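Colleague: Please walk me through this model. I want each label set against its cut-off.

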Amino acid sequence: SSAASDVYKRQTYNTGTRTIYARVLSDDGCFAIQSFNVIINNKPDPTIEDYLVCLPIGETVGEFFFETEIDPIILASGLNSAVTINYYEDYNSATNTLSNPIDKTMAFNNSALTETIFVEITYINDSSCNTISSFDINVGELPDYNGTLNTFSTCDDSSNDGSAFFNLNDFSTQLSSGSSQTLTITYYESLQDATDLSLIHISE
């Protein structure tokens with residue numbers, strides 16, 4: 001075909017990921033066919049959100065698990081071949097192939113409330129195709145609130161329909177009583193809804 005003839009004539013060939021077939025011809029006119037793959041790796045470009053660990057008030061050192069929490073985010077970012085993922089505490093270490101990476105199979109303990117972690121992502125089949133990205137790890141405080149919330153009850157009205165109005169601000173007042181923090185309190189009808197930030201909460 002003309003396309004095959006075009007490939008035959010070129011010294012350089014622009015293509016995507018595919019299999020190429022080489023025809024190897026001897027002086028006697030005998031030939032053999034050898035195939036090989038050319039792979040175009042997507043440049044790694046993951047979006048890694050800050051990694052927050054919440055601790056009880058007064059504690060400042062948390063445990064961060066990069067292999068189980070960050071690796072899956074990177075691997076789901078559109079990479080088309082196997083990669084190695086290594087984490088470092090500074091940029092110079094991430095660019096130095098002789099530097100030892102953080103042992104991501106173990107918990108990493110922070111040394112400050114906010115730290116920047118650098119991650120090197122390299123294709124196994126092409127070490128020249130790599131990216132150094134970064135994200136912050138943060139330690140936050142668990143909310144300081146009054147956990148001895150009472151049960152609220154009221155008498156039904158004349159309709160006796162099993163439904164009544166409650167002022168959620170009254171609940172908020174009790175929850176925030178004595179707290180050393182500025183709290184944001186929202187309400188939900190199920191535990192699953194309360195843990196899913198994408199859902200709309202009950203209006204006060």
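Modeller: Start with a charge over a ring: the charged end of Arg 23 sits over the ring of Phe 31, 3.7 Å from its centre. Before you ask, this is a predicted model: local features need pLDDT of at least 70, side-chain atom pairs count only at pLDDT 80 or more, and totals for chains, interfaces and linings use all residues. Residues are numbered from 1 along each chain as its sequence is written, and side-chain values use heavy atoms, with hydrogens and water left out.

Colleague: What makes Arg 23 count as sitting over the ring of Phe 31?

Modeller: The rule wants NZ of Lys or CZ of Arg within 6 Å of the ring centre and within 35 degrees of the ring normal. Arg 23 is 3.7 Å from the centre of the Phe 31 ring, so the distance test is passed.

Colleague: Why is the pair of Phe 66 and Tyr 87 called stacked?

Modeller: Rings of Phe, Tyr and Trp (its six-membered ring) pair if their centres lie within 6.5 Å; planes under 30 degrees apart are stacked, over 60 edge-to-face, the rest tilted. The whole structure holds nine aromatic pairs. For Phe 66 and Tyr 87 the values are 5.0 Å centre to centre and 25° between the planes, therefore stacked. The pair links distant parts of the chain: Phe 66 is in helix α2 (residues 66-69), Tyr 87 in strand β5 (residues 83-88), 21 residues apart. Helices (H or I, at least four residues) and strands (E, at least two) are DSSP runs, numbered from the N terminus.

Colleague: How do you know that Phe 66 and Tyr 87 are buried?

Modeller: Buried means under 20% relative accessible area, exposed over 50%, partly exposed in between (1.4 Å probe, protein chains only). Phe 66 has 1%, so Phe 66 is buried. Tyr 87 has 0%, so Tyr 87 is buried too.

Colleague: What makes Phe 66 and Phe 135 edge-to-face?

Modeller: Their planes are 80° apart, and their centres 5.8 Å. That angle is over 60, so the label follows. Phe 66 lies in helix α2 and Phe 135 in strand β8, so the pair ties together parts 69 residues apart in sequence. Phe 135 is buried as well, because its relative accessibility is 3%. Tyr 51, Phe 64, Phe 66, Tyr 87, Phe 108 and Phe 135 form one aromatic cluster.

Colleague: Which residues touch the most other members of the largest nonpolar core?

Modeller: Phe 66, Ile 74, Tyr 87 and Phe 135, out of 22 residues. A nonpolar core is a set of buried Ala, Val, Leu, Ile, Met, Phe, Trp, Tyr and Cys residues joined through side-chain atoms within 4.5 Å. β3 (51-55), β5, β7 (114-123) and β8 each give two or more residues to this core. A second, separate core of five residues includes Leu 168, Phe 171, Leu 175 and Tyr 187.

Colleague: Why are β3 and β5 called edges?

Modeller: The open sheet of four strands has the order β3-β8-β7-β5, with mixed pairing. β3 and β5 each have a single partner strand, so one side of each is left without a neighbour in the sheet. Two strands pair if DSSP finds at least two bridges between them.

Colleague: How many bridges join β7 to β8, and over how many do β3 and β8 pair?

Modeller: β7 and β8 run antiparallel with 10 bridges. β3 and β8 pair in the parallel sense over five bridges. Both counts meet the threshold of at least two, so both are pairs.

Colleague: Is Ser 133 buried or exposed?

Modeller: Buried, because its relative accessible area is 14%. Ser 133 lies in strand β8 (residues 126-141).
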